[in-house]
Amino acid sequence: MPDSKMDETKKKKKKTAECCGYPISIFFIVVNEFCERFSYYGMRAVLVLYFRYFLLWDDDLATSIYHAFVALCYLTPILGAIIADSWLGKFKTIIYLSIVYAVGQVVMAVSTIHDITDANRDGTPDNFTLHIALSMLGLVLIALGTGGIKPCVAAFGGDQFQEHQSRQLNTFFSVFYLCINAGSLLSTLITPVLRAQECGIHTQQQCYPLAFGVPAALMVVSLVVFIAGSGMYTKTAPEGNIMGSVCKCIWFALNNRFRHRSDIYPKREHWMDWAEEKYDKLLIAQIKMVLKVLFLYIPLPMFWTLFDQKGSRWTLQATTMTGDFGGFVLQPDQMQTVNPILILTLVPIMDRIIFPLIKKCGLNFSPLKRMTVGMLFAATAFIAAALVQMEIDKTLPNFPSSSESQLKVVNMHSESLIVTVPSQEPLLIGSFESSPDYITFDQQDIRLAFNTTPEINKDLSLIKGSRQTLIIPSEPAEMYLKEDIKSKPKEGKNAVRFVNGWTAYLNITNLESSLQPSETSNYTLVSQGMRKFTLTDGIQSCEFSRKFGFGSSYTFLIPSDLFSTDCESIKEIEDMQPNSVHMALQIPQYFLITTGEVMFSVTGLQFSYSQAPKNMKSVLQAGWLCTNAVGNIIVLIVAELGKLPKQWAEYVLFASLLVAVSIIFSIMAYFYTYIDPAEIEAEILKQQETDPDKKKKKETLEMEEKENEQEIKQTKI
Ligand SMILES: NCC(=O)N[C@@H](CCC(N)=O)C(=O)O
């Protein structure tokens, strides 16, 4: 940094107002981070649902676009860091990119207003292309904004501290992390509730505009708060195209090393020293510092690969469990809020009790050791997840493999039937009853015999890998096959369907269309809790209520005396029993992964700041965030490549991989020497001052500058 600029920074640092030893400007930065994370996580909480139920994309497309968006959010920090360190400085970069971010959130919120294209006012948008285009534009702007400012805000916060505040600087990163999680916790709780409201101009629909609008408003608040602190910040000026100089310097060093590869040339201590002919010693030393840290980052994405599966695999696992906590019911995706809740409790406990205690015991729990232990905690979390999965597997139905078919028989006939099934004892099925469970066949083509008069022989061609039900209506000769669900219903919901044994058509609430006599409806998904169905044939009606758990499937048989019994004679066939393993069993794995996160992520944030040269603080923060992007990409690849046949085995595989990676990381960390970049930089500057050659060059430069100034003054006169 030119001396004049350095003095400017120092002057500004002296003016910084303090409160309890902390610079006051920090207050604006942490509030800004809280609002920004509220905005980001709030929008993310409803994004997949918006894709799925507003844009009507299928599950695969919705999840792929979602993960691609998250990966982009962790790749754009590089761009933000380059802009900040080389061109605009952190302060201006945060302001400009926050504006881009807020515009993105507003565009996204506008894209969710169905009324803007709903000309025929039927409640669904008429021009999906416009909604998709607007939402994609919004998401790109958001990714640019959130990712761009992310490395700058943390580093800018660090810049506010002076040398005597190193203890407070360490605490700052913990408080910063607390604000991130407080913001994410609140928004993840609030935005789904906002989405569930109904709103609209012409028709009332799920209120996506509100669910996306509130995060947009929070982003504007975040920007206003940041600008409000403007007069109090320590603003370090950018130093020109630093990234350009770094790339050119590395390129020159590599080329120069290659040109002097012969043994006749004396070796140099480091390959970057081959840039000494052309580049400043200070720049070379700074690049060495950054490269050393970036090298250390290579194994880190594996931590995020495991960590980010909280939102996917672990949530799926929760859908196969029950969330009834007595006083309240937790939905599977709400289980994720356990992470920020634990962060809010664990960060202070670690900072105030655990780490000081370890220090008191005389143990050197250095940042890199903490990160290694953090990784091991995450691996243990996956072992805990595997154990829970084994418990769940014991309660899961025996679904058919890809070479098997399964069949159930439902008898809607007024008399009991004896069914002869290949390689089975004959089955006696009472009227309005079903065979006890699904029968599994290795072959696709089977022949069933029924003891009706005359006897019926039925040839069936079953579907491999599927579950089907053979419905025998009041006229057994008209029997037909209906395909059943072959996995647990999504999101912990319950799949229900009705077979109409009433003599006329029936309308049933929640079903897509009316049911003809003897017809079986498609499945409809209902959430946990008390659910009511009204059945009517246009003349008479009755109500049928039932309490549902999580993840069950039922076929309800409607008898011919439906209305005379006021719906009470409806018979229930349990096709899939409700989940029985409790979601509370996931708490240990959440506890372990969050403990790992506190040790790994908070420390990593702090480490990336402390080990970076002053002009590359944002760049190293971006490198750190990039490890998260790579971790997410690994999740995407693994999901695409397919899973192991058993989910618990996949968890154990991930845990073993992370243990292996943490061993490699601990070896790398062993050889890492912690540095004080400011000290090294000052030392090199001092050496350059005393270096006669450099001194001469500097004096000439100063004389030239003075001459230039005089010339400018004279031309003005
Ligand atoms: N508990 C999640 C969390 O705190 N995430 C942080 C850090 C993510 C990272 N370092 O990659 C966030 O900023 O969202």
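Both Cys-542 and Cys-567 are buried, where buried denotes under 20% relative accessible area, exposed over 50%, and partly exposed the range in between, computed with a 1.4 Å probe and protein chains only. The structure is a predicted model, in which local features need pLDDT of at least 70 and side-chain atom pairs count only at pLDDT 80 or more, while totals for chains, interfaces and linings use all residues. Residues are numbered from 1 along each chain as its sequence is written, and side-chain values use heavy atoms, with hydrogens and water left out.

Cys-542 and Cys-567 are joined by a disulfide with an S to S distance of 1.9 Å, a disulfide being a pair of cysteine sulfur atoms within 2.5 Å. The torsion about the S-S bond of this pair is about 70°, so the disulfide is right-handed. The pair links distant parts of the chain, 25 residues apart: Cys-542 lies in strand β18 (residues 541-548), and Cys-567 in the loop between β19 (553-558) and β20 (571-576). Strands (E, at least two residues) and helices (H or I, at least four) are DSSP runs numbered from the N terminus.

The count comes to 2 disulfides. The other joins Cys-199 to Cys-207, with S to S 1.9 Å; this link is also right-handed, with 100° about the S-S bond, and both of its cysteines are buried. When bonded cysteines are counted along the chain, the pattern is 1-2, 3-4. Cys-73 takes part in no disulfide, the nearest cysteine sulfur, that of Cys-626, being 13 Å away. Cys-73 is buried, with a relative accessible area of 3%. The sulfur of Cys-20 is 3.8 Å from the closest cysteine sulfur, in Cys-19, which is too far for a bond. Cys-20 is exposed, with a relative accessible area of 70%.

Around the ligand there are 14 residues, of which Tyr-41, Lys-150, Asn-181, Glu-597 and Asn-628 come nearest; a residue is near a molecule if one of its heavy atoms lies within 4 Å of it. A polar side-chain atom of Tyr-41 lies 2.5 Å from an oxygen atom of the ligand, and one of Lys-150 lies 2.7 Å from a ligand oxygen atom. An N or O atom in the side chain of Glu-597 is 2.6 Å from a nitrogen atom of the ligand. Taken alone, the ligand exposes 380 Å², and the protein buries 95% of that, with areas from the Shrake-Rupley method and a 1.4 Å probe. Helices α2 (25-54), α6 (166-196), α14 (587-610) and α15 (617-641) each supply at least two residues of the shell.

Technical notes
A polar contact is a pair of N or O atoms within 3.5 Å; within protein, one must be able to donate a hydrogen and the other to accept it, and residues adjacent in sequence count only if both atoms are side-chain atoms.
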